[in-house]
Amino acid sequence: MQPRNMSMSGVVDLAAVKAAGEAKAKAEQVRAEAVRQGGSAAVPPSALVIDVDEAGFERDVLQRSAEVPVVLDFWAEWCEPCKQLGPLLERLAVEYNGRFLLAKIDVDANQMLMQQFGIQGIPAVFAVVAGQALPLFQGAVPEAQIRETLDQLIQVGEERFGLTGIAVDADADASAPAERPAGPYDALLEAAMSALDAGDLAGAVQAYKNVLADDPAHPEAKLGLAQAELLTRVQDLDPGAVRRSAADNPADVTAQIAAADLDLVGGHVQDAFGRLVETVRRTAGEDRNAARLRLLELFEVIGSDDPRVTAARQALARVLF
């Protein structure tokens, strides 16, 4: 069942939960029924992160949101920013110990949900509280900002709807099967991920380069390096200033390249590719080469198997030849 009762219009911040009285009453009814039936059993930490599809949305999200805020992570396999944000959200779900539930939604397999929530780019993160949907953030967001948003979400759930979260049995996963043996580069790749989580982009870049120095074709390290270098380029940019400059100076290759980087970080893949293809089309010499090389770098971030990369390569070939 699609979330037909979820209107996203008019939602301006975490406190602006629509139809609060009705939603609160519904949440209290669900909790009362759970108590009557003996209450909800404690769940293992691994159950705090779930995969959700259209068929199970009502059960796994709408119904569960009457006892705990449900955070929705809209992602896709081809989305490199999603691969950085997803593990961070999963780690925070466990760390917050049942104060919210993380539901991951693959947009490629759940186009209807993507349309219902009006998603224009990914990663996109929403929440459902007592059956009411509200947007949280989109694109690459620092961990500190994510924590602040989650704290506000939990506060809203507690104060307006009495949602105290779900009980977690910390020992329930102790008997889980042992993890696979570490591979030859797992320590370096883990170091890169830890550096990214800590905001140490230079450390992440170096860790990925250490893998590639020994195995130049290592796919995870190549993608990780491209992503870390992209984040490094945009970390000090003023998005508003960059976009104004790109709009006011269409012939400024540096401005167009910077705007394309921001497009990609924000999940607007086709916008980034289209901007650079158009820049290549109307420039020549070193400017054209600079735009072309940046476009090739952004292809690495997304991955050569992605159909949008294939289409952009064809478009690039047409303007070059």
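Predicted model: local features only at pLDDT ≥ 70, side-chain atom pairs only at ≥ 80, totals over all residues.
How many of the seven residues of strand β5 are buried? Five of the seven are buried, and the strand (residues 132-138) is mostly covered.

Residues are numbered from 1 along each chain as its sequence is written, and side-chain values use heavy atoms, with hydrogens and water left out.

View 1. Helices (H or I, at least four residues) and strands (E, at least two) are DSSP runs, numbered from the N terminus. Two strands pair if DSSP finds at least two bridges between them. Strands of a sheet pair through backbone hydrogen bonds, either parallel or antiparallel. β1 and β3 run parallel, joined by three bridges. Here V49 stands opposite L102 in β3.

**View 2. Strand β4 is largely enclosed by the rest of the structure.** Six of its six residues are buried. Buried means under 20% relative accessible area, exposed means over 50%, and partly exposed is in between (1.4 Å probe, protein chains only). One side of β4 carries A124, F126 and V128, the other V125, A127 and V129, and all are buried. β4 pairs with β2 in the antiparallel sense over five bridges. F74 has A124 as its bridge partner in β4. β4 is also joined to β5 by six bridges, and these two strands run antiparallel. A124 has Q138 as its bridge partner in β5. V129 has Q132 as its partner in β5. The β4-β5 hairpin has two residues between the strands, and A130 takes a positive phi near 50° there.

**View 3. Ring pairs link F57, F74, F117 and F126 into a cluster.** A pair of aromatic rings is described by the distance of the centres and the angle of the planes. Rings of Phe, Tyr and Trp (its six-membered ring) pair if their centres lie within 6.5 Å; planes under 30 degrees apart count as stacked, over 60 as edge-to-face and the rest as tilted. The count comes to six aromatic pairs. One of them is F74 with F117, a tilted pair at 5.3 Å centre to centre and 55° between the planes. F74 lies in strand β2 (residues 70-75) and F117 in the loop between α4 (111-116) and β4 (124-129), so the pair ties together parts that are 43 residues apart in sequence. F117 also pairs with F126, edge-to-face, at 5.1 Å centre to centre and 70° between the planes. F117 is buried at 5% relative accessibility. F126 is buried too, at 8%.

**View 4. C79 and C82 form a disulfide.** A disulfide is a covalent bond between the sulfur atoms of two cysteines. The rule used here is a pair of cysteine sulfur atoms within 2.5 Å. By that rule there is one disulfide. The sulfur atoms of C79 and C82 are 2.4 Å apart. Their link is right-handed, with 80° about the S-S bond. C79 is buried, with a relative accessible area of 2%. C82 is buried as well, at 5%.

**View 5. E80 is a buried residue of helix α3.** Its relative accessible area is 3%. Contact means heavy atoms within 4.5 Å. Leaving aside neighbours within four places in sequence, E80 is in contact with L223, Q227, V301 and I302.

**View 6. N97 sits in the loop between α3 (80-95) and β3 (101-106).** N97 is partly exposed, with a relative accessible area of 46%. Leaving aside its neighbours within four places in sequence, N97 is in contact with L48, I166 and V168. N97 and A167 are 70 residues apart in sequence, yet 7.9 Å apart in space, C-alpha to C-alpha.
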